Amino acid sequence: MLKAGSVKEMIQQKKKATSSTSVIEKAVPVLLFTAAFISVLTTIGIVFTLIIETILFFRQVSIAEFFSGTVLRPLSRVEPQYSILPLIMGTMMTTIIAMLVAIPVGLTTAVYLSEYASTGARKVLKPMIEVLAGIPTIVYGFFAFTFVTPVLREVIPGLASTNALSPGLVMGIMIIPMVASLSEDAMSSVPNAMREGALAMGCTKFEVTFRVVIPAAISGIIASFVLGISRAIGETMIVTIASGSTKNFTFDVTQSMQTMTAYIVEVTSGDAAAGTTIYYSLYAVAMTLFVFTLTMNMLARYISRRFREVY
Amino acid sequence: MTPATPKPETITRKQSIIQPEPDTGKPLVFNTKGLNLYYGKTHALKDIHLPIAENEVTAIIGPSGCGKSTYLKALNRMVEMVESVKITGEVLYRDSNIFDRSFKVEELRTRVGMVFQKPNPFPKTIFDNVAYGPRIHGIRDKKTLKQIVEKSLRGAAIWDEVKDRLDENAYSLSGGQQQRICIARCLAIEPDVILMDEPTSALDPKSTMKVEELVQDLKEKYSIVIVTHNMQQAARISDKTAFFLNGEVVEYDATDTIFSNPSDKRTEDYISGRFG
């Protein structure tokens with residue numbers, strides 16, 4: 001049997017014996033902070049390098065030429081020209097095509113999963129859609145180049161063997177799970193009491209979905225679109241493989257176009273000597289790309305805060 | 001809890017003047033005939049027979065899990081939101097069976113409004129909350145909507161509290177105010193019956209009193225079915241009371257009879273606080 005007060009004594013003894021605990025208590029927050037700081041430090045490092053090298057680039061090429069010219073000819077020996085517009089155009093066209101696929105299909109999927117699917121159907125479908133998100137992008141690129149493009153060429157006569165259309169469509173398919181799953185999260189977190197309130201007033205399921213659930217979840221839904229756009233802008237493998245490397249400044253998506261990401265792949269896999277203009281152009285393009293995706297991500301954050309319906 | 005022979009005498013007496021006999025020939029809004037309801041294998045409602053008369057407050061009392069909320073939700077078929085539910089028997093609303101294939105559930109719910117246990121306004125302005133139902137059902141004219149909103153808010157005895165802040169989010173109101181907004185939202189489509197599922201259980205005593213007074217006013221125009229676990233509340237505000245136990249109706253009668261002279265021993269035990 002324990003004597004009264006003996007537990008108290010044991011605890012006190014234990015405390016004295018382990019004065020090292022105080023060291024651990026002090027060290028843990030430092031360790032945790034360091035871990036968190038690594039990613040911050042990396043970001044700062046990358047941004048810093050990008051800025052420095054971009055400045056060096058603009059000593060050799062004027063900002064006006066970079067942002068207003070329409071010809072990108074970095075390898076020309078006679079008269080190299082550095083304009084980012086053909087790359088921005090390539091990125092924009094593939095992204096638009098991708099979102100034309102991802103937004104309607106992703107949102108419809110989300111509405112189905114959140115509002116209409118039975119528990120059983122949801123249990124089967126959700127993991128399957130998430131598998132789609134786990135496929136490596138190189139596989140999508142390969143799929144676009146060896147399957148989608150040939151099929152499209154049967155239908156669209158003038159389609160080039162590398163073009164913006166096919167990788168755009170495939171990128172859209174790749175982004176569907178992201179839009180679907182983020183939008184579905186937003187819709188499922190709308191409290192059931194609200195659906196019941198509307199149903200009890202004689203609303204149909206369709207009215208409940210489109211006039212109660214979607215408005216209440218709109219911030220999350222739009223944020224999912226914006227994050228999808230950001231993903232499309234930054235996507236590299238699919239466009240590198242299936243969109244070719246012709247630096248066309250055109251709206252014609254049946255032709256080969258190069259995106260910002262694909263340009264970086266092309267130049268880094270060639271042999272751009274350090275210090276040359278083409279080498280610095282990498283950083284200028286990367287910087288532009290970074291600004292694009294950063295803007296999109298910040299926009300997503302802003303939207304999800306600004307339009308959040310409080311309930 | 002209430003002693004064995006209870007009594008808000010004044011109120012019951014007043015009611016007996018208005019309503020001298022329990023079964024006058026008032027038309028019925030609902031008549032339940034042999035209703036059985038199963039959740040999967042659980043037999044939640046057993047052979048329910050219950051009339052609900054026009055312009056009266058019918059209270060449904062009983063311990064937790066006795067099926068009183070399930071019964072209420074059967075009346076506007078909200079109970080069908082549970083996937084495993086199975087229903088046999090009839091519930092006649094104005095003489096037509098609501099479970100008939102030809103009976104449109106949206107139409108039923110337009111006529112039979114519901115107020116929930118927890119206030120559930122939409123995350124919209126006070127105005128939009130009340131105008132929601134009329135808008136859904138096709139009323140677009142701004143002037144008409146304004147009139148409907150004012151009338152409904154007055155009807156729910158909350159107009160004076162919110163008339164200057166109609167464009168504020170409904171969630172900026174207190175719980176009791178939110179509940180009256182929900183009642184106003186319900187009134188806006190001019191239902192025939194209002195179902196109330198423990199409408200005051202999430203409210204403080206003062207808000208509860210306001211909602212109870214409101215129920216008294218509302219029965220002039222509407223028929224009300226209220227589920228409550230608060231027996232004093234049932235005694236205070238209802239004309240008829242049904243006592244549910246284990247999915248059955250043990251006793252149904254005029255409220256003053258139930259509370260002063262119940263015919264079933266179990267009813268007496270429950271209202272005297274011996275269980276539940």
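Ile60(B) sits in strand 3 of chain B, which spans residues 57–61; strands (E, at least two residues) and helices (H or I, at least four) are DSSP runs numbered from the N terminus. This is a predicted model, in which local features need pLDDT of at least 70 and side-chain atom pairs count only at pLDDT 80 or more, while totals for chains, interfaces and linings use all residues. Residues are numbered from 1 along each chain as its sequence is written, chains are lettered from A and ligands numbered from 1 in the order in which they are written, and side-chain values use heavy atoms, with hydrogens and water left out.

Here is a friendly tour, topic by topic.

**Around Ile60(B)**

- Ile60(B) is buried, with a relative accessible area of 0%; buried means under 20%, exposed over 50% and partly exposed in between, using a 1.4 Å probe and protein chains only.
- Setting aside neighbours within four places in sequence, Ile60(B) is in contact with Lys68(B), Tyr71(B), Val225(B), Ile226(B), Val227(B), Thr228(B), Ala242(B) and Phe244(B), where contact means heavy atoms within 4.5 Å.
- Between Ile60(B) and Asp192(B), which are 132 residues apart along the chain, the C-alpha separation is 19 Å.

**Salt bridges**

- Over all chains, the structure holds 21 salt bridges, each defined as a side-chain nitrogen of Lys or Arg within 4 Å of a carboxyl oxygen of Asp or Glu.
- Glu54(B) and Arg94(B) form one of these pairs, at 2.7 Å from N to O.
- Glu54(B) belongs to the loop between strand 2 (42–53) and strand 3 of chain B, and Arg94(B) to the loop between strand 4 (85–93) and strand 5 (96–97), so their pairing ties together parts that are 40 residues apart in sequence.
- Glu54(B) is partly exposed at 21% relative accessibility, and Arg94(B) is partly exposed at 30%.
- Another salt bridge joins the side chains of Glu56(B) and Lys240(B), at 2.9 Å from N to O.
- That pair links distant parts of the chain, 184 residues apart: Glu56(B) is in the loop between strand 2 and strand 3 of chain B, and Lys240(B) is in strand 9 (residues 240–245).
- Both Glu56(B) and Lys240(B) are buried.
- Lys68(B), one of the contacts of Ile60(B), has a salt bridge with Glu198(B) at 3.9 Å from N to O.
- Since Glu198(B) lies in the loop between strand 7 (193–197) and helix 8 (205–218) of chain B and Lys68(B) in helix 2 (residues 68–75) of chain B, the pair ties together parts that are 130 residues apart in sequence.
- Glu198(B) is buried at a relative accessible area of 10%, and Lys68(B) is buried at 6%.
- In chain A, salt bridges with shared partners join Lys126(A), Glu184(A) and Asp185(A) into one network.

**Where chain B meets chain A**

- The contact involves 26 residues from chain B and 21 residues from chain A.
- About 1900 Å² is buried between the two chains, with carbon and sulfur atoms giving 62% of this area; buried area is the accessible area (1.4 Å probe) that two parts lose on being put together, summed over both.
- On the chain B side, Pro123(B), Tyr132(B) and Ile136(B) lose the most area to chain A, together 27% of what that side buries.

- Chain A is divided into domain 1 (18–59) and domain 2 (85–306), with bounds from an automatic or database domain assignment.
- Taken over C-alpha atoms, the centres of domain 1 and domain 2 of chain A are 31 Å apart.
- In chain A, 8 residues of domain 1 are in contact with 9 residues of domain 2.
- The two domains of chain A bury about 810 Å² between them, and carbon and sulfur atoms give 86% of that area.
- Leu50(A), Glu53(A) and Phe57(A) supply 62% of the area that domain 1 buries against domain 2 in chain A, more than any other three residues.
- Across this interface of domain 1 and domain 2 of chain A, the rule finds 0 salt bridges.

- Phe33(A), in helix 2 (residues 20–60) of chain A, is exposed, with a relative accessible area of 55%.
- Phe33(A) forms a nonpolar surface patch with Phe37(A), Val40(A), Leu41(A) and Ile44(A), together about 480 Å² of accessible area.
- Patches are made of residues with over 30% relative accessible area and no salt bridge, joining like charges within 9 Å and nonpolar side chains (Val, Leu, Ile, Met, Phe, Trp, Tyr) within 5 Å.
- Thr91(A), in helix 4 (residues 85–116) of chain A, is buried, with a relative accessible area of 3%.
- Beyond neighbours within four places in sequence, Thr91(A) is in contact with Ile233(A), Gln258(A), Thr259(A) and Met260(A).

Methods: Areas by Shrake-Rupley, 256 points an atom, 1.4 Å probe, with all protein chains shown as cover.
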